[in-house]
Amino acid sequence: MENGIIYLILFIALTTAAFTDLRGGKIPNWITVPTMATGLAFHAAMNGVNGLTHSAKGLGVGFVLLILFYAAGGFGAGDVKLVAATGSLLGPADILSAVWTAVIIGGLSAVGLLIIRLGWGGMVQWIWSWLKTLVLLGGKPPVLPSRENRLVLRYAPIFALGTLMSLALPYIE
């Protein structure tokens, strides 16, 4: 029963965040802050100080996992808060699994966008150039050869899918 309530709250928060991110490129505080508070309060009410500690650790792990990417310009503040809020609901172990699954989905999505934009050969060439520049030579990676220099992946839908998959995978045989 306890997990069912958490999963329902999580599903509502993640789907709402995914839609707002797709529509406007932002994840508003009216989604993330109440979700964080709900996670902390729910776990405290169900399991006392141990529950609150579990929830706070999940929130902290979620925050730490994304804050460096935010500082580097790879994610927005809403993404960081969404992952932290999810951590408050799931706890530290499950937020690690959710982020890891979302990273895989995000990477595959990014490669898919590159293939759509540049074709197979162009994608391989661009990734090789990016790796050489970033890893071997240092400096900025190459710019994509087109009118638009940025590929935009909205993270909330990717994170929502990754979180739901990471929760469902143990039940699939």
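Buried means under 20% relative accessible area, exposed means over 50%, and partly exposed lies in between (1.4 Å probe, protein chains only). This is a predicted model, in which local features need pLDDT of at least 70, side-chain atom pairs count only at pLDDT 80 or more, and totals for chains, interfaces and linings use all residues. Residues are numbered from 1 along each chain as its sequence is written, and side-chain values use heavy atoms, with hydrogens and water left out.

**Exercise 1. The loop glycine**

Task: Decide whether Gly-91 is buried or exposed, and state which residues Gly-91 touches.

Solution: 
- Step 1. Locate the residue. Gly-91 sits in the loop between α3 and α4.
- Step 2. Apply the cut-off. The relative accessible area of Gly-91 is 0%, so Gly-91 is buried.
- Step 3. List the contacts (heavy atoms within 4.5 Å). Leaving out residues up to four places away in sequence, Gly-91 touches His-54 and Gly-58.
- Step 4. Check a distance. Gly-91 and Leu-52 are 39 residues apart along the chain, and their C-alpha atoms are separated by 9.8 Å.
- Step 5. Read the backbone. Gly-91 follows α3 and has a positive phi, near 95 degrees.

**Exercise 2. The whole chain**

Task: Describe the secondary structure of the chain and its spans along the principal axes.

Solution: 
- Step 1. Count the elements. Helices (H or I, at least four residues) and strands (E, at least two) are DSSP runs, numbered from the N terminus. The chain has five helices and zero strands.
- Step 2. Write the order. From the N terminus on, the elements run α-α-α-α-α.
- Step 3. Along its principal axes, the C-alpha trace covers about 55 × 35 × 30 Å.
- Step 4. Of the 173 residues, 34% count as buried.
- Step 5. Look at contacts along the sequence. Take those between residues at least 6 apart; 67% of them join residues at least 24 apart.

**Exercise 3. Helix lengths**

Solution: 

**Exercise 4. Buried helix faces**

Task: Find how many residues of α3 are buried, and what covers the buried residues of α1.

Solution: 
- Step 1. Count in α3. Of its 14 residues, 12 are buried, so α3 is largely enclosed by the rest of the structure. Among them are Gly-78, Asp-79, Leu-82 and Val-83.
- Step 2. Look at Ala-77. This residue is in α3 and is partly exposed, with a relative accessible area of 33%.
- Step 3. Turn to α1. Its buried residues include Ile-6, Leu-10, Ala-13, Leu-14, Ala-17 and Ala-18.
- Step 4. Recall helix geometry. An α-helix has 3.6 residues a turn, so residues three or four places apart point the same way.
- Step 5. Name the cover. It includes α2, α3 and α5.
- Step 6. Look past the end of α1.

**Exercise 5. The nonpolar core**

Task: State how many residues the largest nonpolar core has, and which helix gives the most to this core.

Solution: 
- Step 1. Define the set. A nonpolar core is made of buried Ala, Val, Leu, Ile, Met, Phe, Trp, Tyr and Cys residues joined through side-chain atoms within 4.5 Å.
- Step 2. Count. The largest core has 25 residues, and Leu-82, Val-83, Tyr-155 and Phe-159 have the most contacts inside it.
- Step 3. Name the sources. The elements giving two or more residues are α1 (2–24), α2 (29–71), α3 (77–90), α4 (92–137) and α5 (155–168). The most come from α5, with six residues.
- Step 4. Follow Tyr-155. Its contacts beyond four places in sequence are Asp-21, Leu-66, Phe-75, Asp-79, Val-83 and Ala-102.
- Step 5. Compare Met-165. This residue is in α5 and is partly exposed, at 33% relative accessible area. Met-165 touches Thr-101 and Ile-105, not counting residues up to four places away in sequence.
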